[in-house]
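Me: Please go through the terms used for this model one at a time. I would like each value set against its definition before anything is concluded.

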Amino acid sequence: MTTSLFAQDDFFTPKTGVGGYGELHYNNNTFDTKKAEKKLDFHRFVLFFSHSFSEKWSFKAELELEHNFVSGGNGEVELEQAYVSYLPYNWLGFRAGVVLAPVGIINEIHEPPTFFGVERPDYHNAIIPTTWYGNGASVFGNYKGLEYTLNVMEGLNSEKFSPASALRSGRRKGYLADATDLMYTLRLDYNISSAFKAGASATYNKARGDSSTIEFNLVELHAKYSKNGLYAVAEGAMINYNRGSVETSTGYYFDLGYDINRFIKSDWQIIPFVRYSFYNTASTVRNTNLKPDDFAYTQIMVGLNILPLDNIVLKVDFSSKKRKSNDEETKSFNLGVGYMF
């Protein structure tokens, strides 16, 4: 069997690669109701490993250290990807191991130079529980501009769902995950042109806790445009739960940026941007003691991404986030530096 494999790849040389990304953040948050916070945080240090066994078989992994230290429940070491991939044709591939849920724009591609703002969009914390990963398998491919993925992975813990954080605390992160009820995601993207991609995903899981279950489905739409210095991103999602205190969670955000180096003839990309975001982790409820407006937030952000090279980014942003129920405001000033290779 081994002899046959090498006979098919006489001209192939196995390759091993190392990559990664990281980001340092300065966060200055002021609140209406409590003392201001200032933090300096090396938020993520990530290493990628890859190996090509043949032209069709490969392995990829992503190992992450969060907040530079792990002790007493603070900081995390996470194996966010570790899978074997078989790609006999561009239109049909297979991977199995620790995989990312193919939901939204940021969950699968989240290196610092690839998105606006120092922190990932709040929507991708509250509605899409980025980074969302677990043990599972995918069938994927692309054909004439259509990209498709069918992903099957571990389900969520329904007893960790909450009105304030929706699905986020229910992630099992691949740790001895219960495989009784798996989670299914179908994602489709279409490359309308070289500059414009749009897509959607649908996820279903009968999430299981120790003594109860909650079925949920998450449907999201996303689009990304990049041409002649103009950058635009839009994404929105809704989660429906069949039981529990919350009936639905919803959210969306828009980014718009423009590379002004086209005017000043700089070798650096200098991209001011604006973001508008809304999310409500309990937009409709079954528990009448809950008030949906307590969980609804709007955010307006302005900022600047500066890329001296495509793989290095300097960031600054200022934002105002308000709670709908009482106009309680959080103002944030953030600085960041990030890289990927």
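Me: With which residues is F161 in contact, once its neighbours within four places in sequence are left aside?
Reply: Contact means heavy atoms within 4.5 Å, and with those sequence neighbours left aside F161 has such contacts with L156, A166, L167, G170, A207, I214, F216 and Y241. The model is a predicted one, in which local features need pLDDT of at least 70 and side-chain atom pairs count only at pLDDT 80 or more, while totals for chains, interfaces and linings use all residues. Residues are numbered from 1 along each chain as its sequence is written, and side-chain values use heavy atoms, with hydrogens and water left out.

Me: What makes a set of residues a nonpolar core, and which residues touch the most other members of the largest one?
Reply: Such a core is a set of buried Ala, Val, Leu, Ile, Met, Phe, Trp, Tyr and Cys residues joined through side-chain atoms within 4.5 Å, where buried means under 20% relative accessible area, exposed over 50% and partly exposed in between, with a 1.4 Å probe and protein chains only. The largest core has 33 residues, of which I127, W132, F161, L167, F216, L218 and Y241 touch the most other members. At least two residues of this core come from each of α2, β10 (213-227), β11 (230-241), β12 and β13 (269-285), and β11 gives the most, with four residues. A second, separate core has six residues, among them I271, F273, M301 and L307.

Me: Why is the pair of Y21 and F48 called tilted?
Reply: Rings of Phe, Tyr and Trp (its six-membered ring) pair if their centres lie within 6.5 Å, and planes under 30 degrees apart count as stacked, over 60 as edge-to-face and the rest as tilted. The structure holds 16 aromatic pairs, and in the one formed by Y21 and F48 the centres are 5.9 Å apart with 45 degrees between the planes, so the distance meets the pairing cut-off and the angle falls in the tilted range. Y21 belongs to strand β1 (residues 15-31) and F48 to strand β2, so the pair ties together parts that are 27 residues apart in sequence. Both Y21 and F48 are buried.

Me: Which angle makes the pair of Y123 and Y253 tilted?
Reply: The angle between the planes is 45 degrees, and the centres of Y123 and Y253 are 5.3 Å apart. Since Y123 lies in helix α2 (residues 123-126) and Y253 in strand β12 (residues 246-258), this pair ties together parts that are 130 residues apart in sequence. Both of these tyrosines are buried. Elsewhere, ring pairs link Y252, F254, Y276 and F278 into a cluster.

Me: How do you know that the charged end of K321 sits over the ring of Y297?
Reply: The rule asks for NZ of Lys or CZ of Arg within 6 Å of the ring centre and within 35 degrees of the ring normal, and the charged end of K321 is 5.2 Å from the centre of the Y297 ring. K315 likewise lies over the face of F115, at 3.8 Å from the ring centre.

Me: What makes β2 and β3 a strand pair?
Reply: Strands pair if DSSP finds at least two bridges between them. Strand β2 (residues 37-52) and strand β3 (residues 57-71) have nine bridges in the antiparallel sense, with S50 bridged to K60 in β3, and a hairpin of four residues joins the two strands. Strand β3 is also antiparallel to β4 (residues 74-89), through eleven bridges.

Me: Why does Q81 count as buried?
Reply: Its relative accessibility is 15%, which is why Q81 counts as buried. Q81 lies in strand β4, and its side chain makes a polar contact of 2.6 Å with that of E62.

Me: Is N68 buried or exposed?
Reply: The relative accessible area of N68 is 52%, so this residue is exposed. N68 lies in strand β3 and has a positive phi of about 70 degrees although it is not a glycine.

Terms used:
Polar contact = N/O pair within 3.5 Å; in protein donor to acceptor, adjacent residues only side chain to side chain.
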